[in-house]
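Could you walk me through this protein model as if I were seeing one for the first time? I would like to follow it helix by helix.

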Amino acid sequence: MDLANKLFKGDRVIWIIFMFLCLISVVEVFSATSTIAYKNANHWAPIVRHASFLLGGFVLILLIHNIPARFFPVLILLLPVSMVLLILTPFIGVRTNDAHRWLEILGVQFQPSEIAKLACIIFVAFMLSRRGKFTEKQIFTGILTGVGLTCVLILPENFSTAIMLFAVCCLMMFIGQLPFKNLAMLGGVLALGLGLFILVLTVTPKEYLSVVPRAATWKERISGFKEKERKIDPATYEITDDNYQVSHAKIAIARGGLFGQMPGHGQQRDFLPQAYSDFIYAIIIEELGIIGGVFVLLLYIMLLVRVGMIARKCDKLFPKFLVLGCGLLLVVQALANMAVAVNLIPVTGQPMPLVSRGGTSTVISCIYFGVILSVSRFGAHMGNQEDEPETEELEDEPLKELPEGEENPPLVAMEV
């Protein structure tokens, strides 16, 4: 018990949420990777790879949560570094699923967009904490410039990530009480621009969209979401290339029922192309039922609530905004993944943080948890109780007998 108290510092609730998500991830990814396991000579290779990333991320959390939050502003240097990597990715990046999202350096593949997300959160938190040195207009312009350029670089290859990151940064600015007028104008311009973009994308013939990278893919996802269901007759539902993923996700959810089919007994993992990533939530419901799906949802909601409690206890602005940004990004991304699985929004390709199979996303998600735990320790002073040194009790000594005519000095009460 003493070892656990010394090893796991910070907010205990965050640690419990992290452990539950890791447990669910190992079980469900092991089940969902059956489609790629049989293609390997070693059937254990996919889950061993995922477990290795989780273990590496756990070690990172242990290291990061021992670093005081006051040192994290140095990481804003990641913002220009990530911008350079994002510029290089379309030219020298690894092409996967019709997109250049991966960069390989010294044999290690990673997604620069994941690093950019972390850098933007730290940058926004840093700017919001400098109210005394900059005016509100300068802070708003600085955030809009830094985050806007980063999102523009992410957008061609990963539209959903750019939109989600910008939305989270806008939420941080709203929480940071920047002028509502500026935020409202920014929201109006973005809504108008997004509406025009979707309209142009919808009416433009597919053959003319090849000029813009992945524009054809965006058109298919939007049109597939708009159609929702195409019926030949009232009793027949046709599964097409456009609705293939969503249809099998719905089948998985329908098969789950209340208690699910139990881990390893799911069937739709063999039909969903990204069952272990984009549609992991559908597999969770199929195998763990509605109860399991609600439990996973509640874990992320509890994470957001707990992050809010940590932020309220912070006595400085930077850790307050930093922990809110990390929590918001994790929860918004998880909700986006769940919304895709139940067909509330078009397919985005967003993995579920810490649950979906992945490399860079898993490690970066662990870094977010490490930052949250560090802020809870050093910013909010939660779960950082050190063993108090034992104090030796002084025995009462009898008063010495003094010569006749002298008295013992009076006892003085001292304030501590």
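Let's begin with helix 14, residues 360–379. Helices here are DSSP runs of H or I with at least four residues, strands are runs of E with at least two, and both are numbered from the N terminus. The expected span of a helix is 1.5 Å times one less than its number of residues. Helix 14 has 20 residues, so it should span 28 Å, and its end C-alpha atoms are 27 Å apart, which agrees.

Before going on, a word on where these values come from. This is a predicted model, in which local features need pLDDT of at least 70 and side-chain atom pairs count only at pLDDT 80 or more, while totals for chains, interfaces and linings use all residues. Residues are numbered from 1 along each chain as its sequence is written, and side-chain values use heavy atoms, with hydrogens and water left out.

Just after helix 14 comes H381. Its phi is near 60 degrees, a positive value in a residue other than glycine. H381 counts as exposed because its relative accessibility is 53%.

You can find M262 in the loop between helix 11 (244–256) and helix 12 (280–313). M262 has 43% relative accessibility, so it counts as partly exposed.

Now step back to the whole chain. It holds 14 helices and 5 strands, and 46% of its 416 residues count as buried. Contact means heavy atoms within 4.5 Å. Taking contacts between residues at least 6 apart in sequence, 70% join residues at least 24 apart.

Next, look at helix 6, residues 112–128. All 17 of its 17 residues are buried, so helix 6 is largely enclosed by the rest of the structure. Its 17 residues should span 24 Å at 1.5 Å a residue, and the end C-alpha atoms are 24 Å apart, which agrees. One of the residues in helix 6 is S113, which counts as buried because its relative accessibility is 6%. What does S113 touch, leaving aside its neighbours within four places in sequence? Its contacts are L86, I154 and N158. Angles under 35 degrees count as roughly parallel, over 145 as roughly antiparallel, 65 to 115 as roughly perpendicular and the rest as oblique. A crossing is left-handed if the near helix is turned anticlockwise from the far one by less than a right angle, and right-handed if clockwise.

Start with helix 5 and helix 6, which pack at an angle of about 150 degrees with their axes 9 Å apart. The two are therefore roughly antiparallel to each other, and helix 5 passes helix 6 in a left-handed crossing. In this contact, helix 5 supplies L78, L79, S82, L85, L86 and T89, which meet P112, S113, I115, A116, L118, A119, C120 and F123 in helix 6. These residues divide into 11 nonpolar, 3 polar and no charged. For these classes, Ala, Val, Leu, Ile, Met, Phe, Trp, Tyr, Cys and Pro count as nonpolar, Asp, Glu, Lys and Arg as charged, and the others, Gly among them, as polar.

Helix 5 (residues 78–92) also meets helix 7 (residues 136–154), where the axes come within 9 Å and cross at roughly 25 degrees. That makes helix 5 roughly parallel to helix 7, again with a left-handed crossing. Here L79, M83, L86 and I87 in helix 5 meet G146, L149, T150, L153 and I154 in helix 7. By class, the contact has 7 nonpolar, 2 polar and no charged residues.

Finally, helix 6 has a contact with helix 13 (residues 317–341), their axes coming within 8 Å and crossing at roughly 145 degrees. This crossing is right-handed. K117, I121, I122, A125, F126 and L128 in helix 6 meet L317, F318, F321, L322, G325, C326, L329 and Q333 in helix 13. The classes here are 11 nonpolar, 2 polar and 1 charged.

Key
Axes fitted to C-alpha atoms, helices over the stretch in contact; angles between N-to-C directions. Buried < 20%, exposed > 50% of the residue type's maximum accessible area, 1.4 Å probe, protein only.
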